Amino acid sequence: MNIDRMEFIAWMERIMDRFDILNEHINDVQKLRNTIDGEELLDNQDLLQMLKISGRSLQRYRSSGKLPYYTISGKLYYKLSDVHQFIRDSFNNPFKKMTKSEN
């Protein structure tokens with residue numbers, strides 16, 4: 001069975017369109033799965049890579065109440081906005097330069 005070039009291209013375009021539809025569907029499902037109240041959720045692994053800290057440090061931040069978290073089906077999650085607030089709160093105020101009159 002031989003098909004001509006135009007027929008082949010038409011079939012390939014239909015296949016690629018289906019792949020695009022599937023990709024959009026997978027992305028939508030993934031976004032819904034990793035959100036709460038419309039906000040992105042991060043798991044422990046995401047946070048460890050993002051902050052470049054150890055698992056013990058992350059546990060210490062949770063235990064001290066510095067970093068709010070949620071437990072869903074036994075797995076820990078963090079709201080992205082809470083993580084951003086934690087980072088902002090963790091910055092130290094820069095030292096003020098002393099003027100000659102303050103010395």
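Okay, one term before we start: when I say contact, or that one residue touches another, I mean heavy atoms within 4.5 Å. With that, take Asp43, which touches Lys75, Leu76, Tyr77 and Tyr78, leaving out residues up to four places away in sequence.

Some housekeeping. This is a predicted model, where local features need pLDDT of at least 70, side-chain atom pairs count only at pLDDT 80 or more, and totals for chains, interfaces and linings use all residues. Residues are numbered from 1 along each chain as its sequence is written, and side-chain values use heavy atoms, with hydrogens and water left out.

So what is in here? The protein has four helices and four strands. By those names I mean DSSP runs, numbered from the N terminus: helices are H or I with at least four residues, strands are E with at least two. Reading from the N terminus, the order is α-β-β-α-α-β-β-α.

A word on burial: buried is under 20% relative accessible area, exposed is over 50%, and partly exposed is in between, with a 1.4 Å probe and protein chains only. Of the 103 residues, 16% count as buried. As for contacts with a separation of 6 or more, 49% of them come from residues 24 or more positions apart.

Now the sheet. The four strands make an open sheet, ordered S1-S2-S4-S3, with antiparallel pairing. Strand S1 (35-36) and strand S3 (70-72) are at the edges with a single partner strand each, so one side of each has no neighbour in the sheet.

Back to Asp43: you'll find this residue in strand S2, residues 39-43. Is Asp43 buried or exposed? Its relative accessibility is 16%, so Asp43 counts as buried. S2 and S4 run antiparallel and are joined by three bridges, and Leu41 sits opposite Lys79 in S4.

On to S3, which pairs with strand S4 (residues 75-79), again antiparallel, over three bridges. Tyr70 faces Tyr77 in S4, and Ile72 has Lys75 in S4 as its bridge partner. The hairpin of S3 and S4 has two residues between the strands, and Ser73 there takes a positive phi near 55°. As for S4, this strand is mostly covered, with four of its five residues buried.

Next, the helices. Two packed helices are described by the angle between their axes and the distance between the axes. Here, helix H2 (residues 44-51) packs with H3 at an angle of about 105°, and the axes are 10 Å apart. The axes are lines fitted to C-alpha atoms, for helices over the stretch in contact, and angles run from 0 to 180 degrees between N-to-C directions. H2 and H3 are therefore roughly perpendicular; that label covers 65 to 115 degrees, while under 35 is roughly parallel, over 145 roughly antiparallel and the rest oblique. Asn44, Leu47 and Leu48 of H2 make the contact with Gly55, Leu58 and Arg62 of H3.

Gly55 is at 41% relative accessibility, so it counts as partly exposed. Between Gly55 and Asn44 there are 8.0 Å, C-alpha to C-alpha, and they are eleven residues apart in sequence.

Last stop, helix H4, residues 80-90, where Leu80, Asp82, Val83 and Phe86 are buried. Down the axis of H4, the buried residues fall within an arc of 160°, so they line one face of the helix; the arc is that of the directions from the helix axis to the C-beta atoms. And what do the buried residues of H4 pack against? They pack against S2, H2, H3, S3 and S4.

Terms used:
Pairing = 2+ DSSP bridges.
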